[in-house]
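Let's take a walk through this model together. Keep the sequence and the structure side by side as you read.

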Amino acid sequence: MSKKLFLFCMTMGAGVLLTGCHMKHEWKEAACTDPRTCIVGNETEGEPLGHVWLEATCKAPRTCEVCGETTGEPVAHTWEEADCATPRTCAVCGETDGDALGHTWQEADYQNPETCMVCGETRGEPLTSSFEEHGLSVNAWLGETYDYVTACAADHSMTTVAKLTFSDYREFETKLEAGEGYEWRAVHIKIEFSDDNAQNYGMGVRYSYENYYDAEAWREVYDVEDNAKSYTIHFNRTDYTECKCMFSGLGYGEWIDGVKTWEADAFVVVPKGYDGMVICFRNAGAAWEEGMYIYDVADENTLFFQMKQDS
């Protein structure tokens with residue numbers, strides 16, 4: 001090859017090398033930290049896009065949502081302490097730590113289901129009352145007159161039917177040695193006997209105070225000085241030890257125009273709001289032996305009056 005031809009070929013090759021990138025760019029689009037760049041000759045155009053930051057969380061530092069680059073550290077958890085049902089929990093991200101504390105259950109009573117003493121959650125139902133369990137119910141109301149069927153005094157095989165009325169019910173507060181949380185209640189009872197059996201064979205009256213919720217719970221103590229019986233009443237998870245009941249004016253009147261009257265006022269001291277004190281009038285001829293309860297001796301003629309009236 002001649003020297004002139006060789007020089008011509010070298011000149012043309014160098015020209016091609018110097019002008020190749022100007023033929024056509026192959027662009028890589030701009031990123032967070034890099035501008036638009038030609039992948040052939042590394043020529044750039046414009047500016048980097050810049051990061052799009054997501055703020056730090058409990059689990060991740062500040063992070064670019066485009067490229068994933070991070071800066072700094074995750075933020076600390078915001079802990080809410082464990083309770084009965086939930087472990088220690090981050091209020092921001094929901095992450096948990098450890099176990100729930102568990103409930104501290106208080107047994108059910110006649111007013112309340114089983115209840116957690118910490119958080120107040122309940123489960124189940126209150127206990128079934130004695131009256132419900134044994135098929136008894138309050139069946140006498142204020143201002144109404146009812147047949148009171150009871151044995152004759154001279155012959156218990158014979159009965160007399162009197163008219164019994166509850167009236168003048170009242171509730172009132174007074175200062176008690178027992179302190180706060182109690183109230184007095186009173187009602188007047190009038191029984192009128194007028195049939196032949198009552199006139200010829202006499203009559204008997206039997207009454208008792210009963211616990212609607214727990215007929216077997218009474219531990220009555222008779223106070224001779226006060227002429228009263230004392231009770232402990234469990235109500236809304238509290239024992240009220242100074243409850244009382246008494247009668248005033250107990251007795252029979254004379255026969256007047258063929259009618260003999262038995263009258264008295266019944267008084268009770270009970271916890272405020274308590275609705276389980278019940279006065280029972282039953283057949284005087286029914287035997288009540290040791291170890292028996294009202295559900296053992298009550299019959300279809302037994303009258304039950306609740307010492308708690310709607311105001």
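This is a predicted model: local features need pLDDT of at least 70, side-chain atom pairs count only at pLDDT 80 or more; totals for chains, interfaces and linings use all residues.

Residues are numbered from 1 along each chain as its sequence is written, and side-chain values use heavy atoms, with hydrogens and water left out.

Back to Arg237, which sits in the loop between strand 18 and strand 19. Strands (E, at least two residues) and helices (H or I, at least four) are DSSP runs, numbered from the N terminus. Arg237 has a positive phi of about 70° although it is not a glycine. Asn236 is found in the loop between strand 18 (228–235) and strand 19 (238–248) too, and its phi is also positive, near 50°. Asn236 is partly exposed, at 37% relative accessible area. As background, most residues other than glycine have a negative phi.

Now look inside. Which residues touch the most other members of the largest nonpolar core? They are Ile189, Ile191 and Phe281, in a core of 53 residues. Such a core is a set of buried Ala, Val, Leu, Ile, Met, Phe, Trp, Tyr and Cys residues joined through side-chain atoms within 4.5 Å. In soluble globular proteins, nonpolar side chains tend to be buried together. If you leave aside neighbours within four places in sequence, the contacts of Ile191 (heavy atoms within 4.5 Å) include Tyr148, Ala162, Leu164, Val205, Trp262 and Phe281. Lys163, Lys260 and Thr261 are among the contacts of Ile191 as well.

Strand 16 (residues 206–211) runs antiparallel to strand 22 and is joined to it by 6 bridges, with Arg206 opposite Arg282. Strand 23 (residues 303–306) also pairs with strand 22 in the antiparallel sense, over 4 bridges; there, Cys280 stands opposite Phe304.

The aromatic rings are worth a tour of their own. A search of the whole structure finds 19 aromatic pairs. Rings of Phe, Tyr and Trp (its six-membered ring) pair if their centres lie within 6.5 Å; planes under 30 degrees apart count as stacked, over 60 as edge-to-face and the rest as tilted. The pair of Phe131 and Tyr212 is tilted, because the ring centres are 4.9 Å apart and the planes are at 40°. This pair links distant parts of the chain, 81 residues apart: Phe131 is in helix 2 (residues 130–133), and Tyr212 is in the loop between strand 16 and strand 17 (221–223). Both Phe131 and Tyr212 are buried. Phe166 and Phe281 form an edge-to-face pair, 6.1 Å centre to centre with 65° between the planes. Phe166 lies in strand 14 (residues 159–172) and Phe281 in strand 22, so the pair ties together parts that are 115 residues apart in sequence. Ring pairs also link a cluster whose members include Tyr148, Phe166, Trp262 and Phe281.

What about the cysteines? The structure holds 0 disulfides, a disulfide being a pair of cysteine sulfur atoms within 2.5 Å. Cys58 is in no disulfide, and the nearest cysteine sulfur, that of Cys90, is 3.6 Å away. Cys58 is buried at 9% relative accessible area, and Cys90 is buried at 2%.

Last stop, strand 8 (residues 88–90), which holds Thr89. Is Thr89 buried or exposed? At 16% relative accessibility, Thr89 counts as buried. Its side chain reaches the backbone oxygen of Pro87 at 2.6 Å.

Notes: Buried means under 20% relative accessible area, exposed over 50%, partly exposed in between (1.4 Å probe, protein chains only). A polar contact is a pair of N or O atoms within 3.5 Å; within protein, one must be able to donate a hydrogen and the other to accept it, and residues adjacent in sequence count only if both atoms are side-chain atoms. Two strands pair if DSSP finds at least two bridges between them.
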